[in-house]
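Thanks for making the time this morning. Please bring the model up on your own screens, and then I will take you through it piece by piece.

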Amino acid sequence: LTKEEETLVDKLPLSEVSKSYLTKFVTDYSWWGGAKTIDRGDFYVSPILSAAKLVNASQSFVADLCAFLSNRPDMVGLLVAAGNKVEQDVSSTYQQIYYGAPGTGKSHKIKSEVDEKNKICYRTTFHPDSDYSTFVGAYKPSMKPTGTILASGEKEEIIKYTFVPQAFTKAYVHAWNTKDEVYLVIEEINRGNCAQIFGDLFQLLDRKNGFSEYPIDADSDLEDHIKEKLETSTRDDIPEQVRAGKKLMLPSNLYIWATMNTSDQSLFPMDSAFKRRWDWECVPVDYENVDSAKFVINIDGKDYLWHDFLKNVNARIKKATDSEDKQMGNFFITGNVTENQFVNKVMFYLWNDICKEEFGSLNNFFRNYIDEKKSETEEFSFNDLFTSDKKKLLSKFMEYIEVKSVADVKPEKSEEESE
């Protein structure tokens, strides 16, 4: 550069690093991949195509587009934001089931991703009596005044049937009325008959670019309700038949997330066709969780660490059942527990779901040692925990599954103490 050019560069409102890059760009073509001199109008084409790894001359439009955007930062910002949103939409999980043992934090995981981020959310819980009407909606009777005063002086009322939407329909309508993310959360999805509850909505779970790939016909009662609710929607991407309520199609901003407890003996197992339309994520037992690590069990005046108990009893559950499904999660309890709470919640679960069926076999770990050498054991039942021997049974149970009280755990010696 000439001295005059150097002076002009120095006056530019740029950092020293940017000034040095500018100087290199102008004077050293090999540094930035330039093949044409700077005075040519198309000097930028070769380096851009090289950086983008495009060698076909027909791709030069990419370089022209970059040149067009080079002095339009606002437009670049909009394109980047749109690109990030598309990438987010494509990578998002539209149907997700979080599964795991009871107390692992499945609902909490959804809460942290949805509620704590102030997402729009509708919730429902499946159970054996759930059906299509409790999930989607149905006509229900209600008393409506006619405006007539009867001879008795009372206001005349008549029975009128109106469509009452449930969680699915509420979430569906809201999603088509906004472009914000809307979540439909189903707790305990495997406790209900999913085939009966979803009905033909099952077809909507096949998505392409977030939208249902196979729209379905809406029932006449649902059609009227949706038509009314979408009539004033400002979205411009609603298909005509969807806006009219004739067709149902999930929008790309509607997410359906669910929890599933693996310990539940589901009355209605999910079929493979239903399962494959969901993404699955296991929420395992977290023995490293710092919050649940503080929980203690108080038995006969002694404190036992919950995590110490959990690790040992879960190992026995796995051995007895040949499965991890019935293990307990670190948040099976939500804080310190008393003796009675431990019996009525933890011991009841262990007895009812595992040990009751194993009574009389070696897989039953409701046992105590009956000799000092710890070579012989004796079984006990859940009802035995409601006798005067309760404290003794529980203390000896902890001994049997090798869980020491906090007072009995010897602190590890430091290196200095060891020396």
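Predicted model: local features only at pLDDT ≥ 70, side-chain atom pairs only at ≥ 80, totals over all residues.

Residues are numbered from 1 along each chain as its sequence is written, and side-chain values use heavy atoms, with hydrogens and water left out.

Helices (H or I, at least four residues) and strands (E, at least two) are DSSP runs numbered from the N terminus, and two strands pair if DSSP finds at least two bridges between them. On that basis, five strands form an open sheet in the order 2-5-10-1-11, with parallel pairing. The edges are strand 2 (120-125) and strand 11 (279-282), each of which pairs on one side only, and the twist from one strand to the next averages 20 degrees. Strand 2 is joined by six bridges to strand 5 (residues 182-187), the two running parallel, and here Cys-121 stands opposite Tyr-183 of strand 5.

Now to the helices that lie across this sheet. For angles, axes are lines fitted to C-alpha atoms, for helices over the stretch in contact, and the angle between N-to-C directions runs from 0 to 180 degrees; contact means heavy atoms within 4.5 Å. Helix 7 (residues 106-113) lies across strand 1 (95-100), strand 2, strand 5, strand 10 (254-261) and strand 11, at about 160 degrees to strand 10. Helix 9 (residues 167-176) lies across strand 2, strand 5 and strand 10, and runs at about 165 degrees to strand 2.

How much of helix 9 is buried? Eight of its ten residues are, among them Phe-168, Tyr-172 and Trp-176, where buried means under 20% relative accessible area, exposed over 50% and partly exposed in between, with a 1.4 Å probe and protein chains only. Helix 9 also packs with helix 11 (residues 220-230) at an angle of about 35 degrees, the axes being 10 Å apart. In that packing, Thr-169, Tyr-172, Val-173 and Trp-176 of helix 9 meet Leu-222, His-225, Ile-226, Lys-229 and Leu-230 of helix 11.

The contact includes Phe-309, Val-313 and Ile-317 from helix 14, together with Phe-342, Val-346 and Leu-350 from helix 15.

Finally, the two residues. Trp-257 lies in strand 10 and counts as buried because its relative accessibility is 8%. Its C-alpha atom is separated by 9.7 Å from that of Arg-123, 134 residues apart along the chain. Not counting residues up to four places away in sequence, Trp-257 touches several residues, including Tyr-98, Ile-110 and Val-185, and its side chain reaches the backbone oxygen of Thr-93 at 2.9 Å.

Asp-206 sits in the loop between helix 10 (194-198) and strand 6 (207-208), and is likewise classed as buried because its relative accessibility is 15%. Leaving aside neighbours within four places in sequence, Asp-206 is in contact with Phe-211, Ser-212, Glu-213, Tyr-214, Arg-276 and Arg-277.

Methods:
Polar contact = N/O pair within 3.5 Å; in protein donor to acceptor, adjacent residues only side chain to side chain.
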